[in-house]
Amino acid sequence: MALASSMAGYYEKTQAAQFGLTPEQFLAILEDAAARNLPASASPSQRLELYGKLHIEDLALARACAAGNENAWQAFMLRFREKLYDIAGFITKEDSSARELADSVYADLYGTRTREGERVSKLAFYTGRGSLEGWLRTVLAQQYVDTYRKQRRLVSLDEESEEGAQFPAPTQDSHAFADARLERAIDDELRSLEPQDRFILASYFLDKRTLAEIARTLSVHESTISRKVDKLTKNLRKQILRNLAGLGMGRREAEEALSADARDLAVDVRASLAQDSVATPFSEKVAKAQKGGS
């Protein structure tokens with residue numbers, strides 16, 4: 001009863017009806033947010049607690065935009081169009097590059113690509129855990145880094161080809177020696193992270209960007225990023241150990257598995273940390289696996 005009453009209140013608060021969302025569609029959006037952030041066995045009180053922490057108005061606006069509602073897009077552009085250009089300008093430090101970056105992200109937000117006949121909008125990946133403005137800042141930063149990385153890779157390959165470099169053929173993979181459960185536990189946990197957390201980890205550990213560079217990109221203090229990296233790495237280790245336990249490993253075995261050489265793992269860490277990755281909560285995957293095996 002309390003859950004149904006709260007849903008009705010949230011529906012009115014978010015002006016979801018104005019954006020073309022029915023009560024049933026709005027409920028489905030909240031259930032999707034719960035599925036991404038809570039175990040399948042979560043109680044109604046746990047769901048209510050989560051909903052109270054979500055930026056629920058931003059979530060309704062984002063999902064209505066992803067569905068193509070024109071009223072929602074007008075509201076979105078009124079709130080964020082100038083902010084997109086301002087954030088892009090802060091990242092690129094150059095007007096024409098900033099406009100190009102903002103326009104490319106806007107195209108992804110609006111959904112100019114289709115998949116199986118349906119428009120694909122990046123806004124469908126927003127979960128409401130942080131503010132929509134903060135999420136957009138992360139999307140812009142990720143797009144900028146991805147573009148820079150592609151350009152750098154193309155230049156590097158061209159330079160090496162001109163110098164007559166021979167690219168080695170792939171050698172036999174050592175991945176088979178790693179425990180597949182470890183690979184699964186790591187991949188699931190990385191994909192379950194919030195977009196900004198994935199961006200921070202990828203920037204720091206994969207792209208070798210400094211804390212100061214990441215902080216400037218996200219418009220926060222360097223100490224904030226330092227604390228975030230420390231907290232994320234500690235929490236990742238703890239959760240991966242829990243995931244391994246859920247896959248049948250004992251504590252000692254899990255500790256030993258986690259000390260494996262990262263080069264022996266089949267996990268594509270960069271793909272796992274990709275901005276668009278969407279994962280089913282790990283506990284739900286385990287429950288489904290156990291159900292299927294029973």
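Student: What share of the 294 residues is buried?
Tutor: Buried residues make up 39% of the 294 in the protein chain. Buried means under 20% relative accessible area, exposed over 50%, and partly exposed in between, with a 1.4 Å probe on protein chains only.

Student: What am I looking at, in terms of source?
Tutor: This is a predicted model: local features need pLDDT of at least 70, side-chain atom pairs count only at pLDDT 80 or more, and totals for chains, interfaces and linings use all residues. Residues are numbered from 1 along each chain as its sequence is written, and side-chain values use heavy atoms, with hydrogens and water left out.

Student: What is the mean pLDDT of the chain?
Tutor: The mean is 75, and 72% of the residues reach 70 or more. pLDDT is the predictor's confidence in each residue, from 0 to 100.

Student: And where is confidence lowest and highest?
Tutor: Helix α14 (residues 282-293) is lowest, at a mean of 43. Helix α4 (residues 56-66) is highest, at 92. Over residues 160-178 the pLDDT is below 50, and beyond near neighbours in sequence that stretch has 14 contacts in the model. Contact means heavy atoms within 4.5 Å.

Student: How many helices and strands?
Tutor: The chain has 14 helices and two strands. These are DSSP runs numbered from the N terminus: helices are H or I with at least four residues, strands E with at least two.

Student: New topic. Which residues have the most contacts inside the largest nonpolar core?
Tutor: F76, L109, L123 and L132, in a core of 55 residues. α5 gives the largest share of this core, nine residues. A nonpolar core is a set of buried Ala, Val, Leu, Ile, Met, Phe, Trp, Tyr and Cys residues joined through side-chain atoms within 4.5 Å.

Student: What does L132 touch?
Tutor: Leaving aside neighbours within four places in sequence, L132 contacts D58, L61, A62, F76, F80, L123 and Y126.

Student: How do α5 and α6 pack?
Tutor: Helix α5 (residues 70-92) and helix α6 (residues 95-110) pack at about 145 degrees, with axes 9 Å apart. Axes are lines fitted to C-alpha atoms over the stretch in contact, and angles run from 0 to 180 degrees between N-to-C directions. Among the contact residues are W73 and F76 in α5, and L101 and Y106 in α6.

Student: Last one. Is R137 buried or exposed?
Tutor: R137 is buried, with a relative accessible area of 18%. R137 lies in helix α7 (residues 132-162). Not counting residues up to four places away in sequence, R137 touches I87, I91, T217, L218 and S219.
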